[in-house]
Every structure is written in structure tokens, then in C-alpha cells.
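Hello,

The structure is below, and my notes on it follow. Please have a look before our next talk.

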Amino acid sequence: MTNKKEVWLQKAHKTIDELHKLQPKLNAVVSFVDVEKQVDEALDKMGPLAGMPVILKDNVLYKGIRATASSYMLDNYVATYDATVVSKFKEAGAIIVAKSSLDELGMGGSNITSFTGPVHNPYDLSRIAGGSSGGSAALVASGAVDLAIGTDTGDSIRKPAAFCGIVGFKPTYGRISRYGVIPYASSLDHVGYFTREVKLAAEALMLLSGRDDKDMTSISTPLENVVEALDESLANKRIGIFKNVLDAIDDEDTRTLFFDLMDKAKEQGATLVDISMNTNLIKTVLPTYYIIANCEATANHSNLDGVRFGTHEDGESLEEIMTNTRTKGFGPLIRKRFVIGSYGLMDENQELLLKKAQRVRRKLVEATEKMFESVDVIVAPASSHVAPKLNDPSIDQLSDKYLVAENYMVLGNFTGYPSITIPMGMKNHLPLGINLLSKGYDEKTLLQIAYQLEKLTGLKGLKAKVEL
Amino acid sequence: MERISVKKVHQLARQLMFSLSEQEAKDIVSEFDTLLSQLDLLDRIDTSDCEELVYPFETPTTFFREDVVDHVMDVKDVFLNAPKAENQYFVIPKVVKDNDE
């Protein structure tokens, strides 16, 4: 036992040392966590993740540890209870070594809005890691840990996974409890994680999923054994190629890598089927998301007021305290999003904006369900391009490339269907990813096909070498 | 949808209990133009035949349970993060002022 304790402690400390070395380059850690007590507890459990160092996105509560959600508003907030996912990690014997950076309150896709500064891509420090779960993604990609928790409201696990060349997975909505996770938009928020191989993603799902009465959206639908099923071949699998997305991608390298992989899948017995959605409908994904997410976020974060918890600014009255605290506490992007959310929630706009968006959401979900009538999974490149530079000007926000190719993965949040990104190849030494979406509750098929595609890419375990 | 004004942006910010600089308010107004163009895309979709979808699944996930106490938080933990607390109360400036104040 003592020897095992020493081995696990050494492993945890080695990981923390590595994280400290990476920090000046990646800026991906918000807080480091003491491991001594955790190791003692893990030795008592001897669970399936015994002694494995893991990382939490900093919007996940771990009792006694700071949880900032990368917002100055929560700079001094210490969690007073464990998120369910933390309890499950503890049961499994994992050792939580750090908490990682995110876009402020999870609202963003670049991880440049954290109050602790931008997270850098481990393949090229002048580029973004993607967001909002960019800290977790960068640290798994660098090889510091094998498993890190993220959350995904739009594509906040699956897009950074593509930019960092790793596996990013979100299961069915409600499959992993959201209890103890600082929310962004409750009807879209998923808990998921990053790994460097699909098999570990499947194993982790078996440990982290399950009905939780403390999360009112947690599902009871049993999970099949997704690990045992991985070896099933691609024969008779029907892979739907999402034509709207491919048509919106003008990068020939991305298209070539994608179609080369699809050709290999066909050689393994998969049937490729072109599928598409009404062109006008798919272009509504982003504005629909923007309205729903910002309206929900505005309501969710009204409790950040400087009175009961979080940072505090003095004032002569309660109103002044709240106004001073919220003015200083939120970054400009968050304030902008709250204004938009508040605009959508105004009585006179609810019908035209929020309710309209919720009805379009139903149309998008129905159209996605229809695409699944003929296929097992829907696939497309997770992004049209490699990770952008930190100071890259944004692309035309009304172009098909932006509205469709860069934002279609939100369909996974509207539908709640499970979705995974895996690396599909490299362009100029930078990774590109492929995304898969399966029907709701069918993680088994999703992970099976992802596992088989991973074999074809030869990129299992891909790791970035960060120049220290 | 109509364009939003700088005045309206400030008004919304006040309701949200924060202030915006003039530049921030102007930036929001200009970004609203892009948003409004994107929102026009929603109007092209006929939704007259459908209800709003709020959550991904419409299968019930909440159930009646026995009326027993569980998941209790210690009072000490409740006030752990309070900027100002006293005798199990959050302390704020006096709301009802004395006559001579």
C-alpha cells in the first residue's frame, strides 16, 4: 500500500510539474490542486481510474477549491460542494491535479476571453486552442494528462478538440449530470471530456454517466456497454456525409483529408450516403443558438451580484453594490451577450425572438431526425480550417462558411444527440478534425464508428510537442 | 426587427445592473446590425405549424420523491463565500433609512 501511495504521489507530482512547465507557454491552468489527501482516498477506493491524474474545466465545482469559470466575478469563489462528475471521479480513484481555463463563463469559442488571459494552442503558440473548453483541450493535447473534463453548449468541446488534434466527446444531453457545473445555457449545456484515444472516451463514459436526481434534466435511459462494442467493424455501417457543410468549405486540404478518410471507410465496408438539410434552415443554426443561449445565460447569471458570493464592490445601496460589482466583474463580451439576451427576453420581443428561435429549434431537430432515417452517423469536418491565429480577424459573419461550416455542430446541442470529434489529419503541422453525430442515446454506434475511423487515420494518441 | 439605439442599450444595461461605456454601447449597436441580418434568416422559416422546443427531449426527467430531507448544506458553507455576513445573514447597506438620514 505504501509503495503504491508513493508511486501515485510521484505520478501526480510529475504531472503537476509538467503543468507548471507548460503554464508560461499555454496559460491553460487556472488553479492547481493539492493531491496528498486525494491519493489517500483513492487508495481506499482502488477504482478503475486508480491514481490517474485528471483535470476539470474551471466551471466544475470541487469542494474547497476555487471555481472561477474564468470570470473575475468569481475570482475568489470557493466551491462548497462537489459536482456529481467530481464525486464519480473520486469513486473511480482519479486524482484531480488542476482546473483549466475557459472562455469567461463558457461563453465563447476562442478561449481568449478568460480573465486570466488567452489559452495558446500547443501546436503553435500564436494560435488559439479553441473554446470554450480550451484549457482542458490544450493540456490533453500536450500530453500532460490523458483525460480532462469540458462542457459543450454550442461546440465547446468538439471545436477545441479539432484545433488541438484530440478526441472531444459530449454524450447525449442528460447522460452525464450537470449538477455542480456553473451553467451557461441550461437547455444546451452538456458535460463531456477530452482524451487522446476513443477507447478511453468510451471507458470514461461508463464511469461518468448515470441518472442523478440532483440534476432535473438527467436521463434514466440505460447506457449499453460501449467499450465491448468498439471492435465491431464498419461493414454495414451507413455513414451520412453532411453535404451542406462540405459545400460550405472552400479549403481544399480540409476537403481532401475528409474524403480520403471516407474512401478508406468505404474500403472497410461502410456505405457512404450524401445527406442534406434545407439550405435556408441550416443557415438558421447560429442565430437560433445565439438567441436561445444568450437569453438563458442572462437569466442564469442574474445571481452573480456581489452579495452572497463572488467578488464584491462597495456601494451606498444594494443596487449600487450590484451595479458596481457586475460592471467590474464581467468582461465586455459577456456584457454584450447579456444585453442581447435581455433584448430577447423583453415582453415585446419574446414572441419575435426567443419563441421564434425555439420554434426554429424544433424545425432543426426534426430535420436532423429525418436525416437519420437513412444513416447511422452524420459526419463532416469539425472546422473548415486549422486553429486561427490569436489576432485573426473574424470571417464574414453572414457567409455560408461561417453560418454553416463553422457552426453546424450546434445541432448536437439542439437535438441533445451524442457527438464526437477525432483528429483526421494534419495541414502544415496543424491538426484538423472530423465530427460525428449519432442518434440520441446511441453512444454505442457513435463510439464504434469513431473507434474504427481512428484506426484508419493512424492518429490514435496524437500528442503535440510544446517547445519549453 | 428594428435597429436598437444607444439609449436602449444603456437602458438594458441598467436593468441588468451594470454600466457600459459610450464606446461599448456603440459597439453593441453596430454588432446588432449583423445580428439583425442573421435574425432575418429565421423569418424565412415557416413555423406556423409547430410549438416551441425548449429542451432537447420531451420525455419527463423529474419525478415525485419521498418528502425526506437530503442534500443539506452546512450553514458555515452557505456563508463561506459571502463578502459580508453576520449572524447567519448577508449584510448589505441599510435599505430603510432613518428619518434623520
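In chain A, 11 strands make an open sheet of mixed pairing, ordered β1-β3-β2-β6-β8-β7-β12-β13-β11-β9-β10. (Strands are DSSP E runs of at least two residues, helices H or I runs of at least four, both numbered from the N terminus; two strands pair if DSSP finds at least two bridges between them.) The edge strands are β1 (29-32) and β10 (271-275) of chain A, each pairing on one side only.

This is a predicted model: local features need pLDDT of at least 70, side-chain atom pairs need 80 or more, and totals for chains, interfaces and linings use all residues. Residues are numbered from 1 along each chain as its sequence is written, with chains lettered from A and ligands numbered from 1 in the order written.

Inside the sheet, β9 (238-242) and β11 (377-381) of chain A pair in the parallel sense over 3 bridges. A:Ile241 has A:Val379 of β11(A) as its bridge partner.

Now helix α2 (36-45) of chain A. A:Gln38, A:Val39 and A:Ala42 are buried there. (Buried means 20 or more other C-beta atoms within 10 Å of the residue's own, exposed 12 or fewer, partly exposed in between, with C-beta atoms placed from the backbone.) On the other side of α2(A), A:Glu36, A:Lys37, A:Asp40 and A:Asp44 are exposed. Just after α2(A), A:Met46 takes a positive phi of about 50°.

Last, the interface. The contact takes 61 residues from chain A and 46 from chain B. (Contact means C-beta atoms, placed from the backbone, within 7 Å.) On the chain B side, α2(B) gives the most, with 10 residues.

Best wishes

Terms used:
Contact = placed C-beta atoms within 7 Å.
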